Structures are given as C-alpha cells and as structure tokens.
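Student: Please go through the pockets and salt bridges of this protein with me.

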Amino acid sequence: MVDLKGQYNDIRDVVNPSIQEVLENTTFINGPKVHEFQKNLEQYLGVKHVIPCANGTDALQIAMMGLGLKPGDEIITADFTFAATVEVIALLQLTPVLVDVNEDDFNINIEAIKKVITPKTKAIVPVHLFGQCANMEAIMEIAQEHNLFVIEDNAQAIGASYTYKDGSKAKAGTIGHVASTSFFPSKNLGCYGDGGAIFTNDDDLAHTIRGIVNHGMYERYHHDVVGVNSRLDSIQAAVLDAKLPHLDTYNKARQNAAKKYDEAFKTHENVITPIVSNGCQDTCDTCDCHVFHQYTLRIKGIDRDALVKHLNAHDIPCGVYYPIPLHNQKAYKDERYKEDDFNITNQLVKEVVSLPMHTELDNEQIEYITSTIIKFING
C-alpha cells in the first residue's frame, strides 16, 4: 500500500545527516530538531502554534483535555472512520455521539450533525477522511450558533486545503479551534516511528496544551495542570523536518496517481472513483483540495470481498477502510443508535476498497493494478 523504502532512497542524503546530528548531540527528547520542525510546520500551515507529541491518538486526546471538556459532555463525530477518534472520547469519559457521513466524499454529514445537538453537546470532531476536508464552513457555522468547540481530526489530510464559498482557502487543521494530526509512517507526512502534533491559533489553549504534553509542567517539577507524557522525540522530528519541504511534491504525486486511476476506471459503471468536494472548481493539477492519503473506490453490483481476494491473489495490496461501522463495534455499541441513522455508513462498509497510493507509484504499477481490477469486473 505504501513504498517507504523507495521514498527513503530519494531523500536519504538529507535524512541520514539529520538523524546523525541528533545522535551526535544526544538531545533525544525535546531537542533543537523538535523546535526546528515545529517552527517550520507552523510556517507551512500558516498556524500560530504547533505542539508536537508522541502520536496522533495522543494529539486528539490532548486537544480535548486542553479544552477542559468534562465527563458526560457529548462529542459529535463520524461513524465511518478509524476507532482512535471515538476511542479518546471514551477514554476521557466523554459521551461519543456518532453520526452518518456523506455518500460522495465519506465525510461527516452536516444535516446529521444538526439532528443530534443537545444541551450536553460541547464539541464536533470532523474527520478529514482519506485526504480531503469535511465541510468546515458549515461546521463552523453550526459551532458558532450552538457555542461548540470544533476539533479537526487531520490525521489523513496534512497539506490539503479547504476552499470557502468565496474562493479563499485555509490549510486543513487550521480552521477549527484546535486540530490533531498523525505522523504514522504511512501518512502523507510520516516519520520513521510514531509521532503527532496539535495545531491551534488560540494562545491560551496552546499554553495549556504545552503543559499537558509534558506531565503538566511549564517549570521542571512544578505540575500546574493534569498532564500526560507525550513528546515527539528528536530523531522523528529530524525525519519529519527533512520530509516537510517535499510534502507538496509528495501530495502532487498522489494526485497524479489518482488521476491515472480515475482515467482507467472512467468507463466502468461498477466502479465509483473518489470525488473532490467542498466546491473546489480546480483540477488536481492546480489545487491541493484532496491529497489522497487513500484512493478509495466504491464497488457497485460486484462482490467487493471477492475482488479483494482477487487482488491479493495477484500480489496487489489493498485495504478495506473500514469494514465495521463504529456504532457496531463491541466497545462502542449503544442503545441510542438506530441502524436507520447510519444508512450511508452501512452501505459504504460493503462497497469500499482502497488501492495502493503513495509517492513512488509508477505507470507500470498503476496499469497492472487497474487492468487486474477491470479483468475481474469484466469476468
């Protein structure tokens, strides 16, 4: 699904000296490389504060801790996403409220959000799934109307931009009150281990979060807030800082691969290719509205699971993201949920399949993947 070795070979002359510098100065925790990466990412995103941490799940949890949410507060998020999003809500003894998603872009459905708001609702967590933003303009309007926090889960859309109705743009993760991201190795910007970060333009919130990530300390052995131990180590920061200047190029390569996939499948009515939403009128030659962390097809009128087996038999990796809705997961089942409230999610889990998507995909690989799928479709 990814080719990290190929990507490393292209940047080893930058990555290796950067790692070696950390080894030689032995500043393994919170060293200069962490601060350099933080500042460079702030500049790239156009956000006031980036607070690095140990992983993307911690980032989401710490963002919620920083907002002072209390047990029992209701947090609205999407049913069709990875479990980490709802996991941290439950860990903090908050109340997850799962809602359905859009059929076309897989992101959280605006009308579904409106239907579940109660006096206990305190926040919305839109997940920018597979590489493009949820409808942030509408979400921020809802949040303002109901005095809610917006916590962007940006683990899959680093580098993407959201296009407003007036044509202006903002980077994913810089629109809500706070955002989290993951630097898991397979992400568009990935390190060589675990890593994450929190973004915000709120000075006071940033100050609180900086204490939380470091045991609640602003001064050594003075614990001013309840915190956790979640710091990005210097070696991972060195890798990320070496990769950051290449992020737009990486995302462009993903967009170009997506266009080639689109072209191959355009005449096959059983295959629905990803759409670019949010009113963006540009093509992916000229915009960054979708950065294709995953290239996810919907398979109609064909046995999706049989297709997966066929691909595996031909040494083509693929993924089903996600096979079971969160509302049907044993850990998160709740009598509040009715199946009729999740018609789209229940449909998508039977249809979706994600194809290899990374910066090193070449024409020969794409041709083999697409022709193998088309042969299966045509019987």
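**Pockets and salt bridges**

Student: What volume does the second largest pocket have?
Tutor: This is a predicted model, so the value is computed from predicted atoms. The second largest pocket has a volume of about 320 Å³.

Student: Which helix gives the largest share of the lining of the second largest pocket?
Tutor: Of the 17 residues that line this pocket, the closest to its centre are Leu-98, Val-99, Ala-112, Val-116 and Asp-341. At least two lining residues each come from strand S3 (95-99) and helix H5 (110-116). The largest share, 4 residues, comes from H5.

Student: How many charged residues are in the lining of the second largest pocket?
Tutor: Asp, Glu, Lys and Arg count as charged. By class, this lining has 7 nonpolar and 2 polar residues, and the number of charged ones is 8.

Student: Which helix gives the largest share of the lining of the largest pocket?
Tutor: The largest pocket holds about 560 Å³ of space. It is lined by 28 residues, and Phe-82, Ala-155, Gln-156, Ser-182 and Lys-187 are the closest to its centre. Two or more lining residues come from each of helix H3 (56-66), helix H4 (84-91) and strand S8 (178-182). The largest share is 3 residues, and the helix that gives it is H3.

Student: How far apart are the closest N and O atoms of Glu-36 and Lys-33?
Tutor: Glu-36 and Lys-33 are 3 residues apart in helix H2 (residues 32-45), so about one helical turn separates them. A salt bridge needs a side-chain nitrogen of Lys or Arg within 4 Å of a carboxyl oxygen of Asp or Glu. Glu-36 and Lys-33 form one, with their closest N and O atoms at a distance of 3.7 Å.

Student: Is Lys-266 buried or exposed?
Tutor: The side chain of Lys-266 meets that of Glu-263 in a salt bridge (2.7 Å, N to O). A residue counts as exposed over 50% relative accessible area. Lys-266 has a relative accessible area of 58%, so Lys-266 is exposed.

Student: Which residues are joined into one network with Arg-298?
Tutor: Arg-298 forms a salt bridge with Glu-351, the closest N and O atoms being 3.2 Å apart. This pair links distant parts of the chain, with Arg-298 in strand S13 (residues 295-299) and Glu-351 in helix H11 (residues 343-351), 53 residues apart. Arg-298 is buried at 7% relative accessibility, and Glu-351 is buried at 9%. Through salt bridges that share partners, Arg-298 is in one network with Glu-103, Lys-300 and Glu-351.

Conventions:
Residues are numbered from 1 along each chain as its sequence is written. This is a predicted model: local features need pLDDT of at least 70, side-chain atom pairs count only at pLDDT 80 or more; totals for chains, interfaces and linings use all residues. Side-chain values use heavy atoms; hydrogens and water are left out. On a 1 Å grid over the protein atoms alone, a cavity is a set of points where a 1.4 Å probe fits but cannot get out, and a pocket is an open set with protein on both sides within 12 Å along at least five of seven lines; lining residues have an atom within 4 Å of a point. Grid points are joined across faces, edges and corners, and a volume is the space filled by probe spheres set on the points. Buried means under 20% relative accessible area, exposed over 50%, partly exposed in between (1.4 Å probe, protein chains only).
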